[in-house]
Structures are given as structure tokens and as C-alpha cells.
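Good morning, everyone. Please look at the structure as I speak.

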Amino acid sequence: MRPVEVLLPERFTGLRLAPSAPQLSWSLPATIIRVYVHNFSLVLHTRMRKLGLALFRGCLDQSRLPHSSLSYHAGNRLKIQFSSFLSKILMIISSNVKLYAIYALSMLSFDPSQKGRFVLTNIPVTFDKTWLPSFTELIQQDGPWHKWELFQLAIEAEEAKAVSDFDQLQCLKYMSNLQPFPHQLQTAERVLNEMRGRAILADEVGLGKTIEAGLIMKEYMVRGLAKKILILVPASLVIQWTKELNQKFGIPAVAQKKEYMWRQYDVVVASIDTAKRDPHRRHVLDIEYDMLIIDEAHKLKNKRTRNYQFVKEIKKKYCLLLTATPIQNEMDEVYNLINLLKPGHLGHSSSFASTYVEGKRQAKNNEKLREEIEKVMIRNKRRDGGIHFTPRRVQSVPIELSPEEMALYEGVTSFVREHYRSEMGTFNSLALITLQREVCSSREAAFMTLYNMYQRTPEDSPLRPSILELVEMIKKIETHSKAAKTVELIKQINDKVIIFTEYRATQNYLQKYLSEHNITSVPFRGGFKRSKKDWMTDLFQNRAQVLIATEAGGEGINLQFCNQVINYDMPWNPMRVEQRIGRVHRLGQERDVFIYNLSTSGTIEEHILNLLYEKIDLFEMVIGDLDDIVERLHLSNSLEENLISIIMDSHSSKEMALKLDNMGQAIRTAKAAKTRSSLLPEAVHGP
Amino acid sequence: MNQQEVRSYIERYFAAFSTHVVETHPHYLTVKLPVEVDKDIGNRPFYWSWVEKMNLPYQPMVLTFIFQPDQVGTDIRGEQIHFGAQRLQQIFQSAANHGRFVCMYEHHPAMLSALGPGARRSNPLTPWLGLNVKISLICDKKKDLLLYLGVNLYQPRVVHNFYPFLQRLQLQPSIPAYYYTQAQTISLGQAVGLLEQEINRVIQQQDSRWATEARERLHDELEILEAYYAELALREQTKDEAEQSDETEEEAVNIPVEEAVDENRLVVECPEDKVVEPVALPTSIDEVRAGGGRLLDFLRAHSIPETPKSKINQGEWKKSTPQEEKKRRMEELRWQYEPRIEVTMINGGIFYLHNMPPFH
């Protein structure tokens, strides 16, 4: 190759290029590549003076550069004789004396150790020089200077805060109150290093998605990559999130209350329903958020909703979507959620459909789809290794009813059956179903419903006497075997206990009954406000022995300091049983979990417990499994509705037992099928 | 920083401000904050502006820092301090603000004792510019490099690890007797220019794979985006009218049918509802105080007004066009991935030295 003759600006004469300018070649990835030249810098090492260095700097924008964009076709091996490339650059230099760094795609950086000695750094560098004037002034006036000790302390602080590594988590040393679990750390690392801060966190309930999100947020904050952060959560969780971020992570998050707060504070927690409304919306859409976090993101699965559109319009650098619901039901939902995060990642919706979707709930090209989904979604499951859960100990507590109690049960049951079958003219079926359930729980619960029924029937109705008859039976009962057994059990446990019941009347009665037996208790209901729930949880933790709860749900209520659960009555919906267990058997529970199921002999309760416990092993199941299994049953109605119809429509207790048995069998089969195919990803259940 | 290092740091910080130590205990430390410190870490700007405006004597704030919370009884009230604590970060910031620029002279014990009482001011001290900088390599992740550079202002040359070298010397803020300082042969601006060149050289020597990879990621993502919106435009064009009627759901937004997207049209009009009235962001309260302004005026001038009810219009909701969406997404991607390097100054000073740092 001939030496290149280049016209150099005057002050560079004397510099000559090495005669053996290297020839570069590299293969390009598919499609067309545009080379954008924003700015560049160039280091020349000449032969004559090895240390000779010419550094050109300045700035040029794309439009002013000739030949600023070149395009090459896919797959071709591209060869550029470096000399000609260089001569172009030098021509530019001679015409524009001020020049800076080159941005010419990733490929244009060469190994500096190689003979070629041409180093094209193409990364823009900004020098902070704002300090120079004040320093100059100090020198001119010779002071006032700062103290040497503080000068040293300032450097030490910077040394302690400096991020020494691209990939390693830095945030842990900033948090003294938090010991994350290994899977939470792994998740945070994967989101940072593989997903680049845009991910769906879809851990099963109770594995600490909030912790994972907090870790990621803190990491970006510590690295100085995120400052302005928005966290959108359901209104009921705003305070909880704010509290947790402050306490566990030392992140100064505030709950959004007033309009000015959007701009005044860097880390804001708000409800999505507030944020999407004016005047808030225009602030939110105007701000560039370094990070956006959305809790309960499965609510954004429909792309036509305003919430979805709103989230899509928020300007964000990093983004985390948190959801506990496995997004497996509809293929569309997966697509929509991922499209919020990375539009186009799964292609256009119709090409997505033709590539991956067979039926509404069936995927094809599973392997490929799973790969794609795993690039943006992390789902830790309880059954995965590394997440340790303490054992569960389940015990049935059989209760023999007194003759009066049994008579009431029989009386109510036959009353319910009779009217349920007689075409439900008089009473609505729901009231009858409720009555049937309640009589298994407590006479108080049944009494309230009977009383209401009585009120609603016309005065001359022939039904009134039969209702009154039942009420008379209730009045005759003096013992309460179940409550008595419960007290006995609590005294025997001699520790904190959670009692779950389905009915408020039972809850009230139990509270009175327990206090008569000198047992302290606090109530807990779904209808409580968030602050009251927190207060009750607090009272239970610090003052009372027993918490009597009517609802197991309630997002974000953690009761893992307690490990004893009494199921006072059995919900007919197995999901609710699972939710109850999930309140205490979650991450952070350090002791074995004891579950006591009260079962009155010779009643429906016994049948139900038999189904849940013996037929489908519900109590041994991992939380979240039931959901998947029910999904597989492809029931036309919910599991609960199926159970109701079995219980209410059976003509004999034998028939009911048989039908329940069949039900159990079906669930077991589905369960076995699930275990076989558990290699398939959560989101794409094949046929 | 472990707890011991945190403690030592805090103690040295307070010592630098001659802070009155109320109580020192192996597990905690109680101090009475001096004015300067109180203003930096006391979190009570309103108190200070009030005290200063009304010309009142101030009540010093007393803080107790607890280093071993598990070993301290409940009778000790204080705040737990550790590396991540907000207060320690404020102390860091305060140290950074008060430890920015120094001017120090080397006092060399051997030389001093060798000089007789009648010695003249004939021993030279060489002027140096010391500059400590942080180089941050930034893409979607980040890494910092700290450089401790020095420039000889008398015989221009650049050395590394200048600050560690300084730590081995005896430095005082005043010139020792019988010494004179050599004149600078280059200006501060020139010296900074040399340092900048050296920093550039260091940057060039860095492994630039991080940037290469970030660009590749950016490139891939942009490519996906191009393809996606191109296809979207194509589909929008041929969109079936019948599909439109399906879209009327309860919470559905009225989405105007988009016209075919011209892929090359990059400039899009900003929809009206996106224009937000400029909202004044408060400048620092410190500035107001320094300028002697009234705090109330400041608050009035800088408060962010609540939008009056009458101006709130929930109706004005418009979905972005695909072009707007694409443009926004491209900006987001560049923001996230585009590699860049930021060089910030930690602190610096002028040093008059007898000893010479080793030249690398």
C-alpha cells in the first residue's frame, strides 16, 4: 500500500502517516447499517516521534460533515482501506479545524495495542469546568482556602461512593436494615445486567417482588443513574410502599398528595388513577422519569384502557412492571405487557399471533416464545430451589356436636334443601346457600340470616313458622362445641394464633367468647381502612394473642410473625383456603406453620375438608399451584360454583360424597399433568 | 465503609469544624453542632432563616449518633448511623462543599533544622496544581475511575497519584520561614489543558468494550423499533373497519384512526394538551438566604400553583400518534444506552512543594 498524501493544516506539517496504514475488515450484522458521524477524535502516532501526539477536538454536528452517512448492504464483508478513510477525515480536519470524537457505530474502535496504532474513540466526553472560575478567583485573592482535613474527607467520601465495577451490586452496603434472599439478589442482578433495567417481575406471591424492585431502584440511585423516579401503585398501597422504601431501603420516597409534589420530589409514590387524571397527568407526562415502577401491573393487560395508554406515554428510562398473577391466561396479555416495556420486542400483534398463538390460551413455538419472554420477565417460584420454606403441619380437629346442635344442623339443612329445590320462589338461592354454610360455622351466623329471612317474608307466609321453629332451636342450644374446642386449642398452643372464619357474626361471637375466657383478640376485616388494618396487625403483634380474620386477602398484609392458623370454618372455595395459608406461610416465616382445621363430624364441613385435605392435598400444596391446576381443569364455571352445585343439588349425603370424590379425582389428574409439564414456562401452557 | 470507618470519618469531620463533643462512648457519640455544620446537616433551613432574619441567638442542635444499635440501651436516644444513612450522605456532601479548594505549603522538617538562624529566604518551593477527578463511564450502567493528578506549574509536566504523594508530606496552610515560591511558568488554564489531555489519554487506554456493547444493544433495539413501526404503519393502512367497532369497551379510549404513517416523517407536531405551562422550580433556599431575601417572598414566588378546578379538563385526552410514540421510544433508548463519559472535579488545590513526586 502506498503512503497516503494528505493535505494537512499548517500547524500539523511535519507529521506523516505511517506508510503501512492498516486495512480493516469486519463482517456486519444483517440489514442496512447507517454510519453516523457525530464527532470524533483521532490520535496519531508517527514513526519519527513515537510519542508525538496530535489530538483534534472540537465539535461538528452531523449535518455539517460531508460523507456523514454511508450505508452498506447486509452480509457483505466490508473492507475499508484505512488510508482512504483517514484521508477523508483529515480533509475534514483541514477544513474544520475544530473537531472532536467520532461516533461511527460500535465497530469503529480498534485495539490500541495493535500495530496500526490508530485509536478512534467515539465516546463523547464532557469535562466539568464550572469550578474553574471560582478556583481562579481564589488564587487571585489567595483565599479564603478550605481546610486540608476537609479536603481529605471529601476525597475519602468520593472513594467510598465511587462505583468500581459495572456489574456488581453496589446498593447492599447502603442498607443496614435489609438482608435480601439469594433469589432476590439474583433477580436484581439479572434485571441490571441482562435486562438493562426494563423488566417484568412476576414472582409468585410472597417471594418479595417489592424487595426486588427496591434493590434495583436503590442500585440505580447509588450509581447516579436514576434520580427522578415514579412509582404507580393501587391507591390502597401508596402508604405501604412509601413506608417500605423509606424504612428498608433508605429511599426518600413521598406519597403524592398535592399537585406541586410531582416536581418538588424526586421519588414519588402515587396511585395510577390519580396520576392519569388532569391536572396530574400533564405533569407526569411532561417529566422525564429515570425510572418508572408499576405495581399490580396485570391491571394493564388491556391495551385499550386509559391506564395502558397513559403508562405508555410516560417518558421513562428504566421500567419495572410488577405482577403476581401469572400472565398465562391470554396470550394477548403477555403481548400487551411486554409491549409497554419494549414495543416491538415480540413483533406486531398480528405477526405475534400468527407466530405464537394457536388458540386463545394456547401457544405454539413454545421454546422460542419462552426464550423471548424470558428476556424481559423473571418469575421466581416457590418450588424453585434456593427458596426455603418451613414445613407445614396440618391437623384436623374433629368436633362432636351436642344433640341440640346436631338437631339445628339437621333442621337447617333440610329447610335449605327443601326450599332450594322448590324452584327458589320464596327465597333467593344465595341466602339459602349462605345459610347452609353458616350453620356449619356458628349458630350466631345462621341466626342473623334466619332473622333477615323472617323479616323479608310476608306476615302471613306459611314459612314464618318454620323459620321460627329453627330460631327456637337456636335458642335451646346452650353449648357451643366448636368455640369451646377452639379455646381449648388456643390454650394448648399458648402462642399467637390467627383464626379464620368466613362470617362476621361468627367473628363477633368468637371475640366475645374468647374474652369471656380471658383470651385477648383483635378483629380483622376486609372492610377496614388500610390504616386500621395496619393498626390491628400491630396490636396483634404486640398486644393480643389472637387475630380473628374474616378475610385472607388484603394485599400486602404480612403476618409471618405468627405460625399458628385455625380454620374455624372451611370456605367452599379452595382458593380462599390457599390465601389464608399464604398470609403466614410466606418468605420470612422462620418457624414451622401449624394449621388446624376444625371439622364438625357428620356435616358438610367434613365432606369439604375431606375433599381439600385428603383428595387433593391442598394443605401440602405450594401456594400458587392451585391456580394453575384449576386453570387446567377448563371448568365452565369457577371451582366454587361447581362445589356449590354439588353440595346443593345432591339428594343425599352419599351422592354428594361421590360427586366430591369425582371432583377430587379430576383435580388430582390435572395436578399430575401439571407436574409432568412443569418444564414448560408459566406463560405458555401448551395443549 | 464499615462502622468503625464511619465513626472515624464522623469524628474527623466534626473535629475539622472544632465541634463540641458532649459525650463519646464506644457505641455512640453526642455532639453539639456548630452553625456551619447545622446548616449543612441539620435539616432546618426555615429555622435558620428565621433566626437570621429576626437576629435571634440560635439554639445549637445536639445530635447523637449510634454506631452499635444492638448494644445501646433504650435510654439513649439518637439516630443509627451507617454508610447508607441519609445523615452520613449529608455529611459527605458537607465535606465536599467545605473541602473543595486548598492552598498548602510543604514544611520539610529536615530542611528546617539544617538551616541556621541567619539563613536567608533562599530555598525554593515548586508550585503544583493538584486536581482530583472522577471519570464516569456511563451507558445503561456505570463505572467510576478516580484520578489524582498533579501538574508542575514551574516545569510543566503531569504526574499521577499526586494526592497519595501529598499525604506523605507535611503540609501547612502558611509558607515556612526561609522559603520562597517559584513563579508559575504556565497559567492555570494551560495547566488544566494539560490535565485534560492526560485525562483523554487515560480514557483512550480504557477498555472500551462496555461502550461497544452498549452501542450494539442500542443498535439492535433501534432496529427492532424500525421494523415494528414500519409494520405497524403498514397494518394501520390496511386496517379493517370492522375491527374498529370491536374496540368500544367501557373504559376504552376514543382512539382516532391513524392515517398511514410516513416512515420518513420525523418531525411531528406537539399535541396541544402536552404543552405544560412552565412551572418555576425553586432554586435553593440557601441562595435566598445568602441574598438576604425574605423567605416568605421566596415561597410565594416559587410555590407551584395548584391548577384551579375550572381549568381542569378531563376531556382533553389524546393518544399519541405512532410517529410520536416511535420518536419518544427512540429518545428513551438513546437516553438509556448511548455511551458517554463525564469528567467531574472532586477538588483541587495549589501546592508548594519541596519534594518532587516520582514521575511515572
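A:Pro279 sits in the loop between helix 8 (272-275) and helix 9 (280-286) of chain A. In this predicted model, the peptide bond joining A:Asp278 and A:Pro279 is cis, with omega about 5 degrees. Another cis bond runs from A:Gly143 to A:Pro144, where omega is near -5 degrees. A:Pro144 belongs to the loop between helix 2 (132-141) and helix 3 (148-161) of chain A. Most peptide bonds are trans, and most residues other than glycine have a negative phi.

That brings me to phi in chain B. B:Asn55, in the loop between helix 3 (45-54) and strand 3 (62-66) of chain B, has a positive phi near 60 degrees. B:Asn55 counts as exposed because it has 6 C-beta neighbours inside 10 Å, and the cut-off for exposed is 12 or fewer. For B:Tyr178, phi is near 65 degrees; with 15 other C-beta atoms within 10 Å, this residue is partly exposed.

Finally, let us turn to helix 19 of chain A. Which residues of helix 19 are buried? They are A:Thr506, A:Gln507, A:Tyr509, A:Leu510, A:Tyr513 and A:Leu514. Seen down the axis of helix 19, these buried residues fall within an arc of 165 degrees, so they line one face of the helix. In an α-helix, residues three or four places apart point the same way, because there are 3.6 residues a turn. On the other side of helix 19, A:Lys512, A:Ser515 and A:Glu516 are exposed.

Note on methods
Residues are numbered from 1 along each chain as its sequence is written. Chains are lettered from A and ligands numbered from 1 in the order in which they are written. This is a predicted model: local features need pLDDT of at least 70, side-chain atom pairs count only at pLDDT 80 or more; totals for chains, interfaces and linings use all residues. A residue is buried if 20 or more other C-beta atoms lie within 10 Å of its own, exposed if 12 or fewer, and partly exposed in between; C-beta atoms are placed from the backbone. Helices (H or I, at least four residues) and strands (E, at least two) are DSSP runs, numbered from the N terminus. The arc is that of the directions from the helix axis to the C-beta atoms.
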